[in-house]
Amino acid sequence: MRWIWIDRILELEHARRCVAIKNVSLAEEMVHDHFPAAGNRPATPVMPNTLIIEGMAQTAGILVGHANDFREKVILAKISRATFHDVARPGFCLRFEALIDRIDSNGASTSGSVTLLDPADDKQSKLADIELLFSHIDKNMSGLAFPEHNFVFGQQFKDVLRQSGFDSP
Amino acid sequence: MRFELIDRVIDRDDQHLIAVKCVSSAEEYLADHFPGFAVLPGVMMLEAMVQAGRALLSDRMGDDPLVLTDVRNVRYGNMVRPGQCLTVRVKLRKQDADGWDLEGSGSVEDQVAVQGRFRLTPLCAAMDRTDV
Amino acid sequence: MTVTQEEVFDKVRDVLVDALGADEEEIVSDAKLVSDLGAESIDFLDIVFRLEKAFGIKIEQGEMIPDNVLQDSQYIQDGKVTDTGMTELRARLPHADLDEFDASRDVEEFSDIFTVNTVVKFVQSKLGDQ
């Protein structure tokens, strides 16, 4: 299992808004454990909602990092609120939209929504609302040991940005 | 790789459960989070609390699995690294017709790595929460 | 338009309910943000962001809660705030009630200075400045 929970960035407005998508597929390992057949119930593959939160964290994290030219180490510090209205099954697509509410040298707060897209009929429905808080850890976590270089925005994120048609750091 | 975030249940009663998640470099996704500096992703700590909650409620649910529908104020503290074990504690706060509200935390040797509240709902009910 | 004290309290209460996941009933004037409402350090950043948005004010780093006093050896000795430290705190925190803290000056009890009322008074002073 790779740790990348968005497939493509569609829109990136500096310090304001980022939109990304992710396809949910039976080829992904975790849906086979979530949930396997049990008792009278057949296998019910569903994308774990924690990983949908991570998709939003990656979308919003790229937005926050991009706002400071990826100089800051942007770490998810708090899930203020997440509310799910539905679940995502394989064969569907997720669209993440993240907005920066506030940003300063200490970190940023973001809010956003996840939309479920059905490729069979292009129908869209609201899947989740997610509010996150990110910390710029160079400013906030003195005492904890972490590398000096920006380990947060590594090659994987750079590749997603570049492959989506955006400049990467 | 298996999506199992609880390795052992250590103790439990009707309202509480304590479990352990041992973090190992053998977990493939850690190579991406982050290259050269592996740390357990925050959402995986939340998933560990969710799976602990499911284990706590396993005697009370039917065939319908419980899914995470709400998260409130989950805060992250210390980083958790391969070779460390996260002790996960969950407590049932209340239940209603639609689901269960829980409070959870995860710590490594008394240093808190995660704490917060969340709600688990049976899958069928979780699939149509347009009124929420 | 002047904002009344009650309106400030109501908005501060809403901010703390959102930021701390607390129940409305728990947000009383003398509730301590850390000991009573369970605030962690990341929550203070969240509270500052939400206050800025709710009241249309700008809060500089360390303005509501001075973040460097406890690290300065001028101000702290053997786990207690020195006279110089107390003078600095009184200058930096006109919105806080420091008399009770002055009795012990124990660094471990520093966070108890910050109550709901401290936040309300801080916001009022910021609104008064505008």
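## Strand pairing in chain B

B:Arg12 stands opposite B:Leu17 in strand S2 of chain B. The model that shows this pair is a predicted one. The two strands concerned, S1 and S2 of chain B, run antiparallel and are joined by four bridges.

Strand S1 of chain B spans residues 8-12 and is hardly covered. Of its five residues, the number that count as buried is zero.

In chain A, the peptide bond from A:His34 to A:Phe35 is cis, and its omega is near 15°. A:Phe35 belongs to the loop that runs between strand S2 (17-23) and helix H1 (49-67) of chain A.

Chain B has a cis peptide bond between B:His33 and B:Phe34, with omega about 5°. B:Phe34 is placed in the loop between strand S2 (16-22) and helix H1 (42-57) of chain B.

A:Asp122 is not a glycine, yet its phi is positive, at about 60°. The residue sits in the loop between strand S5 (107-118) and strand S6 (123-136) of chain A. Is A:Asp122 buried or exposed? A:Asp122 is exposed, because 7 other C-beta atoms lie within 10 Å and the cut-off for an exposed residue is 12 or fewer.

In chain C, C:Arg105 also has a positive phi without being a glycine; the value is about 55°. Its position is in the loop between helix H4 (99-104) and helix H5 (116-129) of chain C. C:Arg105 has 19 C-beta neighbours inside 10 Å and so counts as partly exposed, since a buried residue needs 20 or more.

## Contact between chains B and C

How many residues of chain C are in contact with chain B? Five residues of chain C are in contact with four residues of chain B. On the side of chain C that touches chain B, two residues are nonpolar, one is polar and two are charged.

Conventions
Residues are numbered from 1 along each chain as its sequence is written. Chains are lettered from A and ligands numbered from 1 in the order in which they are written. This is a predicted model: local features need pLDDT of at least 70, side-chain atom pairs count only at pLDDT 80 or more; totals for chains, interfaces and linings use all residues. Two residues are in contact if their C-beta atoms, placed from the backbone, lie within 7 Å. Ala, Val, Leu, Ile, Met, Phe, Trp, Tyr, Cys and Pro count as nonpolar, Asp, Glu, Lys and Arg as charged, and the others, Gly among them, as polar. Two strands pair if DSSP finds at least two bridges between them.
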